[in-house]
Every structure is written in structure tokens, then in C-alpha cells.
Amino acid sequence: MKNLLAGLLLALIAGCAGPDVQQYKAQQPALDLAAYFSGTTDAWGMFQRRGGDVVKRFHVVITGTPGDGTLILDEQFRYDDGSKSRRVWRLARGQDGLWRGRADDVKGEAVGEVAGNALRWQYTLLLPVDGTTYEMRFDDWMFLIDDCTMINRASMGKFGIELGQVTLMFRRRACAP
């Protein structure tokens, strides 16, 4: 019985670990974060509750300004209910190759790792809901599909419990016909 319980515990722990971004290092096209977000990028997305209900859709216009190892992303959100918001990311690539970033509605520092066509981006968002601000943990996975298109799937949770997902599709304006 002890062996069975130990085996189940190990399986549970392994199941929570999730994928490692390095497993995508050979995938092409290779993602150059600063090059992809240089200029204007549009994104369309939605938020789904854990059960799958879509509760919010949105469009984001992102203006990216790369510098020497830095990237500023000015995100202008417009939601399906007519509301608007803005987030300005200030990102820097460290000597360790990791991207680190800050924004006014992010607690502490966000950390991202690029490998091949993928970026894993993790942070805690300060999410206002009905007059209360919640600290929500985000685990973003972005995958470059081609030079113009990227798909993002983010899991949002608290205390290790997934409460919902955000899905986005990015398209660079420089690629418009």
C-alpha cells in the first residue's frame, strides 16, 4: 500500500511540473522577441473560465520599441464591453539569456525564456475585479507560427489552482497585404 501511495504521489508531482521550454529549441522559425514585436502588432483574444465559458473578448494594439537588449511593449486593450485598459511592459534581456520585465499591474518581476519558436513567460498580475485586486499567477506560452503570426495560451490561477485561460493570436502589421 505504501508503494502504491508513493507511486501516486510521484505521478501527481510529475504531472504538475509541466513542459520545459527547452524541448522546443529545435523548432522553427526561431523566435526573436525584440524583432517580432518591433513596430505595431495586433492581437485578438479571449478569457475563458475554468469550465470553458468565454467571459471576455478583446483586441490589443501593441507598439514595440526595441533598444540595446531591451524592449518596451505599449499594450492598448479594448474589450467587447467597450472598456479599455493599458499595460506598458519594460523588458530587458539578461546575460543569462532570460527576459525579465516589469509593468505597473505586475507584482515583482516577470521572467521569460525563449527556446526555438517558443517563449514561456511567468508573472503575477494584479487583477482588479469589482473593487478588489487579486494576485493572479500567469503561465504564458507563446509559439511563433511564421514571421507574422504568434499564438499565446496562458493559464491563470491562484494557489496552484487554474481559474481560467487566456488565448491570443498575434499578427504583425508589417505583414499586412
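Where is the place of Pro29? I found Pro29 in the loop between helix H1 (2-17) and helix H2 (33-36). For the element names I go by DSSP runs, numbered from the N terminus: helices are H or I runs of at least four residues, strands are E runs of at least two.

**Ground rules**

I am looking at a predicted model, where local features need pLDDT of at least 70 and side-chain atom pairs count only at pLDDT 80 or more, while totals for chains, interfaces and linings use all residues. Residues are numbered from 1 along each chain as its sequence is written, and side-chain values use heavy atoms, with hydrogens and water left out.

I started with Pro29 for its peptide bond. The bond from Gln28 to Pro29 is cis, with omega near 0°. Most peptide bonds are trans, and most residues other than glycine have a negative phi.

Next I looked up positive phi values. Asp130 has a phi near 50°, positive although Asp130 is not a glycine. Asp130 sits in the loop between E7 and E8. Buried or exposed, I wondered about Asp130? Asp130 counts as exposed, at 79% relative accessibility. My scale here: buried is under 20% relative accessible area, exposed is over 50%, and partly exposed is in between (1.4 Å probe, protein chains only).

Phe159 also has a positive phi, near 55°. Its place is the loop between E9 and E10, and Phe159 is exposed at 76% relative accessibility.

**Entry: the largest pocket**

How many residues line the largest pocket? I noted 40 residues, with Tyr79, Arg87, Leu125, Leu127 and Phe138 nearest its centre. The elements giving two or more residues to this lining are strands E1 (39-49), E2 (54-66), E3 (70-79), E4 (84-93), E7 (118-129), E8 (132-144), E9 (149-158) and E10 (161-172). E7 gives the largest share, eight residues.

The volume of the largest pocket is about 1100 Å³. To be clear on terms, the search runs on a 1 Å grid over the protein atoms alone, and a pocket is an open set of points where a 1.4 Å probe fits, with protein on both sides within 12 Å along at least five of seven lines; lining residues have an atom within 4 Å of a point. Grid points are joined across faces, edges and corners, and the volume is the space filled by probe spheres set on the points.

What classes make up the lining of the largest pocket? I wrote down 30 nonpolar, three polar and seven charged residues. In this scheme Ala, Val, Leu, Ile, Met, Phe, Trp, Tyr, Cys and Pro are nonpolar, Asp, Glu, Lys and Arg are charged, and the others, Gly among them, are polar.

**Entry: salt bridges**

The structure holds eight salt bridges, each a side-chain nitrogen of Lys or Arg within 4 Å of a carboxyl oxygen of Asp or Glu. I looked up some of them.

Asp42 and Arg173 meet through their side chains at 2.6 Å, N to O. This pair links distant parts of the chain, with Asp42 in strand E1 and Arg173 in the segment after E10, 131 residues apart. Asp42 is buried, at 9% relative accessible area, whereas Arg173 is partly exposed at 43%.

Arg87 turned up again here, in a salt bridge with Glu75, where the closest N and O atoms are 3.6 Å apart. Arg87 lies in strand E4 and Glu75 in strand E3, so the pair ties together parts that are 12 residues apart in sequence. Arg87 is buried at 14%, and Glu75 is buried at 10%.

Arg100 and Asp96 form another salt bridge, 2.9 Å from N to O. Arg100 is partly exposed at 28%, and Asp96 is partly exposed at 47%. I also noted a network: salt bridges that share partners join Glu75, Arg87 and Asp105.

**Entry: a nonpolar patch**

Which residues make the nonpolar surface patch of about 350 Å²? They are Trp44, Ile145, Ile151 and Met169. Patch members have over 30% relative accessible area and no salt bridge, and nonpolar side chains (Val, Leu, Ile, Met, Phe, Trp, Tyr) are joined within 5 Å. The areas come from the Shrake-Rupley method with a 1.4 Å probe. Ile151 lies in strand E9 and is partly exposed at 39%.

**Last entry: a distance**

I ended with Glu109, which lies in strand E6 (residues 106-115) and is partly exposed at 38%. The C-alpha atoms of Glu109 and Gln28 are separated by 28 Å, and these residues are 81 apart along the chain.

How values were computed. Patch = residues over 30% accessible without salt bridge, like charges linked within 9 Å, V, L, I, M, F, W, Y side chains within 5 Å.
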